[in-house]
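This report concerns the packing of helices. Please view the sequence and structure below before reading on.

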Amino acid sequence: MTAVTARAPGRVNLMGDHTDYAGGLVLPMAIDLETIVSGERGGDTVVLTSSAEDGEVVVPLDVADPAAVTPSWGRYAAAVVAALRPGCGFRGSVHSTVPVGAGLSSSAALEVAVALALGFQGSALELAMLCRRAEQDATGVPCGIMDQLASAAGVADHALRIDCTTLDVTPVPIPDGLEVVVVHSNEPRRLTATPYAERRAQCEAAAAIVGPLPQASRELVEAIADPVLRRRARHVVTECARVDAFVAALASFDAARLGELLVASHASLRDDFEVSTPAVDALVEKLSATPGVFGARITGAGFGGCVVALAEAGTNLDGWHVRAADGASVSG
Ligand code: GLA
């Protein structure tokens with residue numbers, strides 16, 4: 001028996017949502033809220049308990065249908081087992097400070113921590129790809145690479161500019177004096193397979209007309225005949241441009257520009273991509289009007305969930321004040 005402790009952070013996305021699966025740019029950061037899986041390797045099943053949930057998850061190493069495993073949080077662990085097929089089992093417990101259903105990637109943190117606890121060997125990118133497959137198998141949601149890659153490859157005090165076509169990851173320093181706050185709309189996020197998959201399919205349909213969206217010109221996009229596909233493509237094209245503009249504004253710590261870009265991103269996600277809700281819009285407006293706040297936007301998949309606000313250091317907002325953290329690690 002080998003005692004093991006694996007840790008993996010959640011993430012918040014600062015700029016670039018609904019661009020990863022279109023091959024675009026994203027700018028998440030791993031955060032100082034994390035999931036810890038500790039226990040011992042051995043045996044021929046993976047057995048996990050959770051400090052937040054009742055019951056025990058028991059996964060045979062040859063599990064065939066991870067999505068059917070109960071209790072439901074066990075689906076993520078089971079899908080990692082199915083993707084990794086580890087040589088031996090594990091018995092241990094899960095403890096997490098990443099809030100569930102908030103858009104902070106609690107499921108990615110769980111997958112990455114479980115994969116490392118079970119003995120995954122390889123690069124951060126390989127770890128992220130395995131865990132994305134697990135997320136897709138567990139939920140049926142055809143997600144992109146952002147959440148798992150941010151959790152696997154995070155760098156303390158930095159956001160990560162990820163080009164989701166080349167999969168190049170570039171750490172971008174977060175300026176001292178910038179407070180990152182995640183605020184829940186109190187509207188539960190419902191990332192059911194349907195609207196997310198529909199948005200992704202619409203991006204693919206638009207790309208079939210104008211070519212890969214991250215490279216498409218605004219002129220080509222504005223010429224798409226179908227108004228829905230045109231709006232979806234416009235969001236991806238403008239959002240990718242906002243990622244690089246945001247990186248530049250972080251480098252010069254141009255607070256006014258950061259605020260403008262956050263507001264423009266939210267408007268694009270609300271109007272062109274249609275993944276916001278009235279409660280989230282109201283929260284973004286309230287936060288954006290709060291003294292000390294540079295701007296705010298919906299973050300993650302949307303359809304409810306959380307808003308990220310950037311503010312002057314020390315601004316007192318009711319939410320999770322997060323710092324950029326290192327990516328996942330394992331000891332033992
Ligand atoms: C979810 C998915 C990510 C990404 C975001 C939206 O978090 O898991 O891959 O598509 O939504 O940016």
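## Helices α2 and α3

The contact (heavy atoms within 4.5 Å) involves Ser107, Ala108, Glu111, Val112, Ala115 and Leu116 of α2, and Leu127, Leu130, Cys131, Ala134 and Glu135 of α3. By class, eight of these residues are nonpolar, one is polar and two are charged.

## Basis of the model

The model is predicted: local features need pLDDT of at least 70 and side-chain atom pairs pLDDT 80 or more, while totals for chains, interfaces and linings use all residues. Residues are numbered from 1 along each chain as its sequence is written, and side-chain values use heavy atoms, without hydrogens and water.

## Helices α1 and α2

Helix α1 (residues 74-84) packs on helix α2 (residues 106-117) at about 45°, and the axes lie 9 Å apart. That angle makes α1 oblique to α2. Tyr76, Ala77, Val80 and Leu84 of α1 meet Ser107, Leu110, Glu111, Val114 and Ala115 of α2. This contact has seven nonpolar residues, one polar and one charged.

## Helix α8

Helix α8 (residues 255-271) contains 17 residues. From first C-alpha to last, α8 reaches 24 Å, close to the 24 Å expected at 1.5 Å a residue.

Notes: Axes are lines fitted to C-alpha atoms, for helices over the stretch in contact, and angles run from 0 to 180 degrees between N-to-C directions. Helices (H or I, at least four residues) and strands (E, at least two) are DSSP runs, numbered from the N terminus. Angles under 35 degrees count as roughly parallel, over 145 as roughly antiparallel, 65 to 115 as roughly perpendicular and the rest as oblique. Ala, Val, Leu, Ile, Met, Phe, Trp, Tyr, Cys and Pro count as nonpolar, Asp, Glu, Lys and Arg as charged, and the others, Gly among them, as polar. The expected span of a helix is 1.5 Å times one less than its number of residues.
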